[in-house]
Amino acid sequence: MKVLILGGTSEANTLAPALAVRNIPAVYSYAGRVSNPKPQPVPVRTGGFGGTQGLADFLRRENITHLVDATHPFAQQMSLNAVAAAAEIGTPLLALTRSAWKPEPGDQWQRMPTMEAAVASLRGKQQRVMLAIGRMHLDEFAAQPQHHYLLRLVDQPLEPLPLPHRTIVVDRGPFTVEEDRALLQRHRIELVVSKNAGGEGAAAKLVAARELGIPVLMIDRPLLPPRDEVHHVERVLQWLGHDTDLGV
C-alpha cells in the first residue's frame, strides 16, 4: 500500500500523522502556493503535476495504490484532475473534505453561485468589505475598485495588488470568534465575502458577522463529478482497511 495525499488543508494535516503512526507509506503533495508550508511526518512533494496526464504518470511511477483528495473545496481543477487520473489507471480515489456551512438563525447570507456573481453584486456605493477568499481570486475584484477591502492572507503578496483601497493583514488561522469580532469592528467592516469552505477552522468570521449583524456574500462550491467523499480521517482509515483504535 502507498497513499498519495493531495493536501494543503487541515484535513490533510490530520491524515498524514494518522498514516505515519500506523506505518502506512504515504506521500503528501503541496500545491506550492504557501511559502512556509506545515512540515509533515511523511515524504512531501511540492508543485503541480502537469494536469491529468502528469498526475496519472506520477501515480504509475510511484506505485500509488490509493489516492486521497484532501484539497480545498474550491481547488476545482486539482479535484477534476484527480477524478480523471484515478479513473484512467484504476486507482481507488476518496475525497476527504469538509461539510459545507449552512446558515443559522441570525445570519444575513446572500448565496452567490460563482465568484463572478459575487464580484458583480458589489456594484454600487463604496463599502468596507472583508474578502475572506484567499489570494487566488483577488484580481477579479479589481472590477469593483470603489470599495475598501480588508484582506487576511497567509503570506505577504510579492506583487502589488490591483485593489487601490486595501488593508492587508498577514496571519494564519484558525481564529477565534473573539479575534474575528475584534477584527471586523476594528476595520469597520460592512460586508463579508466568503467562499463556502466549510469546516470549523474558518467559521469564526461567520459567527462574528452574525453577532455584529454584518451581511455575508456566500459563494457556493464549484461543481465536481460524482466521487466518494468522507468528512473524517477515521473513515479514510476504514477505507484503507485499518482500524481506528490507535490515537494520533
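What do the buried residues of H3 pack against? I find strand E1 (3-6), helix H2 (51-61), strand E4 (66-69) and strand E5 (93-96). Contact here means heavy atoms within 4.5 Å; helices (H or I, at least four residues) and strands (E, at least two) are DSSP runs, numbered from the N terminus.

Housekeeping before I go on. This is a predicted model, where local features need pLDDT of at least 70, side-chain atom pairs count only at pLDDT 80 or more, and totals for chains, interfaces and linings use all residues. Residues are numbered from 1 along each chain as its sequence is written, and side-chain values use heavy atoms, with hydrogens and water left out.

**Helix H3**

I listed the buried residues in H3 as Ser79, Asn81, Ala82, Val83, Ala85 and Ala86. Buried means under 20% relative accessible area, exposed over 50%, partly exposed in between (1.4 Å probe, protein chains only). I also checked the length: H3 (residues 76-89) has 14 residues, and its end C-alpha atoms are 20 Å apart, which agrees with the 20 Å it should span at 1.5 Å a residue. That expected span is 1.5 Å times one less than the number of residues. Just after H3, I noted that Gly90 takes a positive phi of about 75°.

**Rings**

My rule for aromatic pairs: rings of Phe, Tyr and Trp (its six-membered ring) pair if their centres lie within 6.5 Å; planes under 30 degrees apart count as stacked, over 60 as edge-to-face and the rest as tilted. I get 3 aromatic pairs this way. One of them is Tyr28 with Tyr30, a tilted pair because the planes are at 50°, with the centres 4.6 Å apart. Tyr28 is buried at 0% relative accessibility, and Tyr30 is buried at 9%. Phe141 and Tyr149 pair edge-to-face, 6.3 Å centre to centre with 70° between the planes. Both Phe141 and Tyr149 are buried.

I looked for charges over rings too (NZ of Lys or CZ of Arg within 6 Å of the ring centre and within 35 degrees of the ring normal). Arg45 has its charged end over the ring of Phe58, 5.3 Å from the centre. Arg152 lies over the face of Phe175, 3.7 Å from the ring centre.

**Thr167**

I place Thr167 in strand E9 (residues 166-170). Leaving out residues up to four places away in sequence, Thr167 touches His148, Tyr149, Leu150, Leu151 and His187.
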